[in-house]
Amino acid sequence: MFSEQEAVQFSYPPVFETGFTADEIQELLSLIQSGDPSSPSSGSHESNGLVYMNQDRKHRRMISNRESARRSRWRKKRHLADLTDQVNRFKVEKRELKNQLGLIMHQLYVVSRENDLLTYESITLLHRLSGLHRILSTTPINNH
């Protein structure tokens, strides 16, 4: 089939998506090219290589999982910080709204008192006017 030298001459770009290192890809190519599973190189050496590859995959997966968990914890921490900031902004807004409400309530009280005084003054003036009308209606008009 292929000689060892020909196997090295493949010029495929490295494929990192598979998770294999360049050495592992080279080892797999040599296994594929040897073709004869009963050859002396296909014994425990191949199974050791596969065990190593499985362990290496597990190790890379463990590292990937740790990194994913770290990112997840960071996102949760960032989200909590964002929510805390939002709570603080809402507290400030609530305090400002309470202050505005207090000012408006005070203005309402002042206007209400002024309205009461004007109402009292209006009633008083109506009574005086009514009294003047009575006086005028009882007095005879002199025509000179």
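Which element of the protein chain has the lowest mean pLDDT, and which the highest? Helix 1 (residues 4-8) comes lowest at 48, and helix 3 comes highest at 93. Here pLDDT is the predictor's confidence in each residue, on a scale from 0 to 100.

This is a predicted model, in which local features need pLDDT of at least 70 and side-chain atom pairs count only at pLDDT 80 or more, while totals for chains, interfaces and linings use all residues. Residues are numbered from 1 along each chain as its sequence is written, and side-chain values use heavy atoms, with hydrogens and water left out.

## The chain as a whole

Let us begin with the overall layout. The protein chain has three helices and zero strands, and from the N terminus on its elements run α-α-α. These elements are DSSP runs numbered from the N terminus: helices are H or I over at least four residues, and strands are E over at least two.

The mean pLDDT of the protein chain is 82, and 75% of its residues reach 70 or more. Over residues 4-8 pLDDT stays under 50, and the model has four contacts for them beyond four places in sequence. Over residues 37-42 pLDDT also stays under 50, with three contacts beyond four places in sequence. A contact means heavy atoms within 4.5 Å.

Of the 144 residues of the protein chain, 7% count as buried. The terms for accessibility are these: buried is under 20% relative accessible area, exposed is over 50%, and partly exposed is in between, using a 1.4 Å probe and protein chains only. The protein chain exposes about 13200 Å², and carbon and sulfur atoms supply 61% of that area. Accessible areas come from the Shrake-Rupley method with a 1.4 Å probe, and for residues only the protein chains shown count as cover.

Next come the charged side chains. A search of the whole structure finds five salt bridges, a salt bridge being a side-chain nitrogen of Lys or Arg within 4 Å of a carboxyl oxygen of Asp or Glu.

| Salt bridge | N to O distance |
|---|---|
| Arg 71 and Glu 67 | 3.8 Å |
| Asp 82 and Arg 78 | 3.0 Å |
| Asp 116 and Arg 113 | 3.9 Å |

Arg 71 and Glu 67 are separated by about one helical turn because they are four residues apart in helix 3. Asp 82 and Arg 78 both lie in helix 3 too, four residues apart, or about one turn of the helix. Asp 116 and Arg 113 lie in helix 3 three residues apart, again about one turn.

Asp 82 is partly exposed at 38%, as is Arg 78 at 39%. Asp 116 has a relative accessible area of 41% and is partly exposed, and Arg 113 counts as partly exposed at 41%.

Asp 56 lies in helix 3, and it counts as buried because its relative accessibility is 16%. Leaving aside residues up to four places away in sequence, Asp 56 touches Thr 21 and Glu 24.

Arg 57 also lies in helix 3, but this residue is partly exposed, with a relative accessible area of 38%. The C-alpha atoms of Arg 57 and Phe 20 are separated by 8.3 Å, although the two residues are 37 residues apart along the chain.

## A nonpolar patch

Finally, have a look at Leu 126, which is found in helix 3 (residues 44-138). Leu 126 is exposed, since its relative accessible area is 52%. Together with Leu 129, Leu 132 and Ile 135, Leu 126 makes a nonpolar surface patch of about 390 Å². Patches are made of residues with over 30% relative accessible area and no salt bridge; like charges are joined within 9 Å, and nonpolar side chains (Val, Leu, Ile, Met, Phe, Trp, Tyr) within 5 Å.
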